[in-house]
Amino acid sequence: GILPPHGRLVTMLNWVYRHEPSAEATRMQAFRVREFVRAGSAEQVLAWRGVWLLRAQELLRSLQLAATAEVAADPFFGRGGRMLAQTQREHKLKYELLIPVNCEAQPTAVCSFNYHQQHFGSTFEIAGAGGEAAHTACLGFGLERVTMALFRAHGFEAGSWPRAVRQRLWP
């Protein structure tokens, strides 16, 4: 349908499933994502994604997690997939927030920020106020990965975590 002039925000908590067996603890086949999807004009969704990239980084740092942002790409497969990943990086369509979970040298993505351009607007017939296909962006927090990052940084006894972290999580 047609979006209101200010666009729309949809939020959800989802299970995600993937068929990528791995012994690495953070490469789970089933995990939960707290996701936010913003639909509107290109300017609206890009501004929203930019604000939330900073907000999420500040939130994770307030939990005393060493979060850093990097341009990223999805794990596309094959020759065509390599081209898609390269385009995704060149156009900065995806960012991830990375935190050391398994090791310092290869931090783990705990949040993902994607700009889909008009892909979903066209596919699902979502239009802006002027009738053009809506742009969309999303962000997702990997809940188990954030939890693992907290355990790695502060230990398994939440009562012994830094006071500022406990107050942030349980005000």
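## Overall arrangement

Of the contacts in the protein with a separation of 6 or more, 58% are between residues 24 or more positions apart. The model is a predicted one. It describes a protein of 171 residues, of which 37% are buried. Along its principal axes, the C-alpha trace spans about 55 × 45 × 25 Å.

The protein contains 5 helices and 6 strands. Read from the N terminus, these elements follow the order β-β-α-β-α-β-β-α-β-α-α.

In soluble globular proteins, nonpolar side chains tend to be buried together. In this model, the largest nonpolar core has 27 residues, and those that touch the most other members are L60, L65, L97, I99, C111 and F113. Two or more residues of this core are supplied by each of the helices α1 (42-62) and α4 (143-154) and the strands β4 (94-99), β5 (108-117) and β6 (135-142). The largest share, 6 residues, comes from α1.

I99 illustrates how separate stretches of the chain meet. Leaving aside residues up to four places away in sequence, I99 touches L60, L65, A66, A67, P107, T108, V110 and A149.

## Helix α1

Which residues of α1 are buried? They are A42, V45, W48, R49, L53, A56, Q57 and L60. Because these residues cover an arc of only 165° around the axis, they lie on the same side of α1.

The face of α1 turned away from this buried side carries the exposed residues E43, L54 and E58. Just after the helix, Q64 takes a positive phi of about 60°.

## Helix α4

Helix α4 has 12 residues, and the distance from its first C-alpha to its last is 16 Å, close to the 16 Å expected at 1.5 Å a residue. Its buried residues are E144, R145, V146, A149, L150 and H154. One of these, A149, is also among the residues touched by I99. Just after α4, G155 takes a positive phi of about 95°.

## Salt bridges

The count of salt bridges comes to 2. In one, R32 is joined to E144, with the closest N and O atoms 2.8 Å apart. This pair links distant parts of the chain, since R32 belongs to strand β2 (residues 30-40) and E144 to helix α4, 112 residues apart. R32 has 34% relative accessibility and therefore counts as partly exposed. E144, by contrast, counts as buried because its relative accessibility is 15%, under the 20% limit for buried residues.

In the other salt bridge, the side chains of E104 and R152 meet at 3.3 Å, N to O. Distant parts of the chain are again linked: E104 lies in the loop between β4 and β5, R152 lies in helix α4, and the two are 48 residues apart. With a relative accessibility of 57%, E104 counts as exposed. R152, at 40%, counts as partly exposed.

## Aromatic pairs

A pair of aromatic rings is described by the distance of the centres and the angle of the planes. The count of aromatic pairs in the protein comes to 6. F151 and F156 form a tilted pair, with 5.0 Å from centre to centre and 45° between the planes. F151 is partly exposed, its relative accessible area being 30%, whereas F156 counts as exposed at 69% relative accessibility.

F151 also pairs with W161, in an edge-to-face arrangement with 6.2 Å from centre to centre and 65° between the planes. This pair links distant parts of the chain, with F151 in helix α4 and W161 in the loop between α4 and α5 (163-169), 10 residues apart. Is W161 buried or exposed? At 4% relative accessibility, W161 counts as buried. Ring pairs join F151, F156, W161 and W170 into a cluster.

How values were computed
Residues are numbered from 1 along each chain as its sequence is written. This is a predicted model: local features need pLDDT of at least 70, side-chain atom pairs count only at pLDDT 80 or more; totals for chains, interfaces and linings use all residues. Side-chain values use heavy atoms; hydrogens and water are left out. A nonpolar core is a set of buried Ala, Val, Leu, Ile, Met, Phe, Trp, Tyr and Cys residues joined through side-chain atoms within 4.5 Å. Buried means under 20% relative accessible area, exposed over 50%, partly exposed in between (1.4 Å probe, protein chains only). Helices (H or I, at least four residues) and strands (E, at least two) are DSSP runs, numbered from the N terminus. Contact means heavy atoms within 4.5 Å. The arc is that of the directions from the helix axis to the C-beta atoms. The expected span of a helix is 1.5 Å times one less than its number of residues. A salt bridge is a side-chain nitrogen of Lys or Arg within 4 Å of a carboxyl oxygen of Asp or Glu. Rings of Phe, Tyr and Trp (its six-membered ring) pair if their centres lie within 6.5 Å; planes under 30 degrees apart count as stacked, over 60 as edge-to-face and the rest as tilted.
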